Amino acid sequence: MLDLLKNFFQSKAAPTNEPPSVDQAKALRLAAGVLLYEVIRADHKVEEAERTVMRTALQSTFDLDTEETAEIMRLSEEQSLAAISIFEFTSLVDGAFSPEEKKRVVELLWLVAFADGTKHPSEESMVRKIAGLLHVAHPDFIDAKIRARDKKGY
């Protein structure tokens with residue numbers, strides 16, 4: 001799976017106006033999935049409610065079927081646990097997503113953080129770190145947090 005990410009970065013070295021290939025799109029979905037899983041494991045407890053929110057977020061955001069979603073979930077967890085840093089994933093999302101798409105990713109991160117009924121300080125810290133690496137403006141960061149909180153009924 002790291003090959004997908006490497007191929008994506010290599011393709012970015014030679015800019016074109018072509019739409020992303022299937023492998024590039026998969027690498028972007030995987031990168032977003034890894035970031036979501038990083039929030040899940042930030043408090044050192046992986047709750048089923050958090051996995052459910054992640055699954056729903058990936059499926060609805062990227063219009064995936066059940067099988068594709070399961071694969072991205074599995075690969076996201078593997079890559080998250082194997083990664084030395086989140087920079088390769090944030091830089092991929094930062095370079096490919098529009099400001100609105102990045103704001104949506106931050107909202108999804110907040111939904112995962114709120115999924116188990118508590119907002120652990122380490123989860124909040126991880127969301128802040130990722131939002132910063134995605135260059136999401138602070139007002140957009142706060143708006144994403146409020147929207148996620150309102151969706152969860154806090």
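Reader: To begin, is Asp143 buried, partly exposed or exposed?

Author: Asp143 is partly exposed, because its relative accessible area is 29%. Buried means under 20% relative accessible area and exposed over 50%, with partly exposed in between (1.4 Å probe, protein chains only). Please note that this is a predicted model, in which local features need pLDDT of at least 70 and side-chain atom pairs count only at pLDDT 80 or more, while totals for chains, interfaces and linings use all residues. Residues are numbered from 1 along each chain as its sequence is written, and side-chain values use heavy atoms, with hydrogens and water left out.

Reader: Which residue forms a salt bridge with Asp143?

Author: Lys103 does, and the closest N and O atoms are 2.5 Å apart. This pair links distant parts of the chain, with Lys103 in helix α6 and Asp143 in helix α8, 40 residues apart. A salt bridge here is a side-chain nitrogen of Lys or Arg within 4 Å of a carboxyl oxygen of Asp or Glu. Helices are DSSP runs of H or I with at least four residues, numbered from the N terminus.

Reader: And is Lys103 buried or exposed?

Author: Lys103 counts as buried, because its relative accessibility is 11%. Its side chain also meets that of Asp140 in a salt bridge (3.8 Å, N to O). Asp140 lies in helix α8 (residues 138–152) and Lys103 in helix α6, so this pair ties together parts that are 37 residues apart in sequence.

Reader: How many salt bridges are found in the whole structure?

Author: The search finds 15. One of them joins Glu124 and Arg128, with the closest N and O atoms 3.2 Å apart. Both residues lie in helix α7 (residues 121–133), four residues apart, about one turn of the helix.

Reader: Changing topic, how many aromatic pairs are there?

Author: There are two in the whole structure. Trp110 and Phe114 have ring centres 5.6 Å apart and planes at 20°, so this pair is stacked. Rings of Phe, Tyr and Trp (its six-membered ring) pair if their centres lie within 6.5 Å; planes under 30 degrees apart count as stacked, over 60 as edge-to-face and the rest as tilted.

Reader: Where do Trp110 and Phe114 lie?

Author: Both are in helix α6 (residues 99–114), four residues apart. Trp110 counts as buried, at 0% relative accessibility, and Phe114 counts as buried at 5%. Together with Phe141, Trp110 and Phe114 form one aromatic cluster.

Terms used
Helices (H or I, at least four residues) and strands (E, at least two) are DSSP runs, numbered from the N terminus.
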